[in-house]
Amino acid sequence: MKTPKELSLLIAANVRKRRKGQKLSMQDLSDKSGVSYGSIKRFESIGEISLTSLLKIAVVLDCADGFEQLFETEIRSIQEIIDGKV
């Protein structure tokens with residue numbers, strides 16, 4: 001299991017790869033998302049960013065769909081609820 005810091009750095013690395021794959025500079029991403037250049041730079045280097053800014057970036061990079069299901073729980077049976085698995 002990864003720590004929160006490890007996860008944030010992994011997400012930041014994935015954002016950087018996706019941004020570069022779309023041939024966007026950090027400034028381009030800033031302009032399109034409305035997130036400051038400094039926030040994007042900080043995120044890509046140390047993994048720190050607000051949730052709102054991360055969502056704005058995800059929308060621009062066309063990868064926001066996964067956030068909708070982030071904490072969603074799929075219940076398959078009443079027994080899962082009884083057993084406390086949900």
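1. Contact here means heavy atoms within 4.5 Å. On that basis, and leaving aside neighbours within four places in sequence, serine 33 is in contact with Ile40, Lys56, Ile57 and Val60. The structure under review is a predicted model, and the remarks below should be read accordingly.

2. Serine 33 belongs to helix H2, which comprises residues 26–33. With a relative accessibility of 11%, serine 33 counts as buried, because the cut-off for that class is under 20%. The side chain of serine 33 also reaches the backbone oxygen of leucine 29, at 2.7 Å.

3. Serine 30 is buried, its relative accessible area being 9%. Neighbours within four places in sequence again left aside, the contacts of serine 30 are Val35, Ser36, Tyr37 and Ile40.

4. Helix H4 spans residues 51–60, and its residues Ser53, Leu54, Ile57 and Ala58 are buried. These residues lie on the same side of H4, because the arc they cover around the axis is only 140°. The face turned away from this buried side carries Leu51, Thr52 and Val59, which are exposed. As for packing partners, the buried residues of H4 pack against H1, H2, helix H3 (37–46) and helix H5 (65–68).

5. Which side chains are linked in a network of salt bridges? The network consists of Arg16, Arg19 and Glu44. A search of the whole structure finds two salt bridges. In general terms, side chains of opposite charge can pair when their charged atoms come close.

6. The side chains of arginine 16 and glutamate 44 form a salt bridge with an N to O distance of 3.6 Å. Arginine 16 is placed in helix H1 and glutamate 44 in helix H3, so this pair ties together parts that are 28 residues apart in sequence. Arginine 16 counts as partly exposed, with 27% relative accessibility.

7. The side chains of glutamate 44 and arginine 19 likewise meet in a salt bridge, here at 2.7 Å from N to O. This pair links distant parts of the chain, with glutamate 44 in helix H3 and arginine 19 in helix H1, 25 residues apart. At 6% relative accessibility, glutamate 44 is classed as buried. Arginine 19 also counts as buried, at 6%.

8. The surface of the model includes a nonpolar patch formed by Leu7, Leu10 and Ile11, with about 230 Å² of accessible area together. Leucine 7 is located in helix H1, which covers residues 4–21. The relative accessible area of leucine 7 is 41%, so this residue is described as partly exposed.

9. Glutamine 22 is placed in the loop between H1 and H2. Its relative accessible area is 35%, which makes glutamine 22 partly exposed. Where does glutamine 22 make contact, leaving aside its neighbours within four places in sequence? The contacts are with Val60 and Leu61. The C-alpha atoms of glutamine 22 and leucine 61 are separated by 8.0 Å, although the two residues are 39 residues apart along the chain.

10. Most residues other than glycine have a negative phi. Lysine 23, however, has a positive phi near 55°. Lysine 23 is in the loop between H1 and H2, and at 74% relative accessibility this residue counts as exposed.

11. The second case is aspartate 62, whose phi is near 60°, a positive value in a residue other than glycine. Aspartate 62 lies in the loop between H4 and H5, in a position just after H4. With 62% relative accessibility, aspartate 62 is counted as exposed.

Note on methods
Residues numbered from 1 in each chain as written. Predicted model: local features only at pLDDT ≥ 70, side-chain atom pairs only at ≥ 80, totals over all residues. Heavy atoms only, no water. Patch = residues over 30% accessible without salt bridge, like charges linked within 9 Å, V, L, I, M, F, W, Y side chains within 5 Å. Areas by Shrake-Rupley, 256 points an atom, 1.4 Å probe, with all protein chains shown as cover. Salt bridge = Lys/Arg side-chain N within 4 Å of Asp/Glu carboxyl O. Helix = DSSP H or I, 4+ residues; strand = E, 2+ residues; numbered from the N terminus. Buried < 20%, exposed > 50% of the residue type's maximum accessible area, 1.4 Å probe, protein only. Polar contact = N/O pair within 3.5 Å; in protein donor to acceptor, adjacent residues only side chain to side chain. Arc of directions from axis to C-beta.
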